[in-house]
Amino acid sequence: MGNIREIRARIRSVKNTQQITKTMKMVASAKLRRTQNGLSGIRNFAQRSREILQELLDGEVAEYENPFLIPRKEIKKVCYVLFVGNRGLCGAYNHAVMRYAQELVRADARECSVVVCGSWGRDVIGQSDLPVRHTFDDISDTPGAAQALPVADYLKRLYLSGEVDEIHLVYQRFQSAMQQMPSQMQLLPAKLETEEKEESVNDYIFEPDAESVLGNMVQLYLDNVVYSVLLEAKVSEQASRMTAMSAATDATGELISDLSLQLNRVRQAAITTEIAEIVGGANALKKAKK
């Protein structure tokens, strides 16, 4: 059961841990709100850029070929871009998306490589069987568009150089603060969701020319997709960390209650023992006087 000093020391230790988990929960909550605000804005922007690009492709610019839109005749090499956190203490977030990526790679008969976004990948994924070719480990927990551009530029160069024929983004899709779902989406060649709609006549005037406008829109679309997925992954990470730290805080509270009860029992047992010793000593004195 332990003595009183040991139990008190353990209670102090658990209370210190509880303060840490409470602080981490508050920090994760603040980062979650910040990244959620950014995600809602970029989602709308990405959706609008996709719609504009689709309108351009339905119009006269359809005659121009863009290397990011044309599928390769034969897909030999595939690249999976894995978005993980910068650290742990976020429940099963990192391990769940890593296992999902491993399943994708193992099920793919083509030559696969993996690009990792997040410093957690350097410590853990490096020891896995994933064929990691590059790691972006300088992404903050609340990234801006400037931090997504190097990732997007690297992936575009990788595709244009012919080193890979197809690129997929693997990340945790945010569904709620309690639930995130491992997902993937194809980045390159770009696949736009087309919907059947009535024919419309759009009198566009392109400056400097239609081909340049199409090229810029495709670049903007790809950059927005990478940034939106990066924010989605960060929102999921902070939500998972907030939930994990909340559960840890509740668990430490229960442990403190159990230890306090144990302390009271030990103290009561010690007091009972002392009283018994006093009574026993008094009885012995009485017998000695007789």
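1. A surface patch, as the word is used here, is made of residues that have over 30% relative accessible area and no salt bridge, with nonpolar side chains joined within 5 Å. In this predicted model, Ile271, Ile275 and Val279 form such a nonpolar patch on the surface, and together they have about 260 Å² of accessible area. Isoleucine 271 belongs to helix H5, which covers residues 210-289. Its relative accessible area is 48%, so isoleucine 271 is partly exposed.

2. The overall layout may be set out next. The protein contains 5 helices and 5 strands, and from the N terminus on these elements run α-β-α-β-α-β-α-β-β-α. Of its 290 residues, 42% count as buried. The protein exposes about 16,600 Å², of which carbon and sulfur atoms supply 51%. Among contacts between residues at least 6 apart in sequence, 78% join residues at least 24 apart.

3. The interior deserves attention. In soluble globular proteins, nonpolar side chains tend to be buried together. The largest nonpolar core here has 48 residues, and the members that touch the most others are Val81, Phe83, Leu155, Ile167, Leu169, Leu187 and Leu222. At least two residues of this core come from each of helix H1 (4-58), strand E1 (77-83), strand E2 (111-117), helix H4 (145-160), strand E4 (166-176), strand E5 (179-188) and H5. Helix H5 gives the most, with 16 residues. A second, separate core of 16 residues includes Val78, Tyr80, Leu82 and Cys112.

4. Leaving aside residues up to four places away in sequence, leucine 222 touches Phe68, Lys156, Leu187, Leu188 and Ala190.

5. Helix H4 can be followed from end to end. This helix has 16 residues and reaches 22 Å from its first C-alpha to its last, close to the 22 Å expected at 1.5 Å a residue. Its buried residues include Ala148, Val151, Ala152, Tyr154 and Leu155. Just after H4, glycine 162 takes a positive phi of about 85°.

6. An α-helix has 3.6 residues a turn, so residues three or four places apart point the same way. Are the two partners buried or exposed? Aspartate 153 counts as partly exposed because its relative accessibility is 31%, whereas lysine 156, at 7%, counts as buried.

7. The protein has 11 salt bridges by the count made here.

8. Through shared partners, salt bridges join Lys31, Asp141, Lys234, Glu237 and Arg241 into one network.

Terms used
Residues numbered from 1 in each chain as written. Predicted model: local features only at pLDDT ≥ 70, side-chain atom pairs only at ≥ 80, totals over all residues. Heavy atoms only, no water. Patch = residues over 30% accessible without salt bridge, like charges linked within 9 Å, V, L, I, M, F, W, Y side chains within 5 Å. Areas by Shrake-Rupley, 256 points an atom, 1.4 Å probe, with all protein chains shown as cover. Salt bridge = Lys/Arg side-chain N within 4 Å of Asp/Glu carboxyl O. Helix = DSSP H or I, 4+ residues; strand = E, 2+ residues; numbered from the N terminus. Buried < 20%, exposed > 50% of the residue type's maximum accessible area, 1.4 Å probe, protein only. Core = buried A, V, L, I, M, F, W, Y, C linked by side-chain atoms within 4.5 Å. Contact = heavy atoms within 4.5 Å. Expected span 1.5 Å × (residues − 1).
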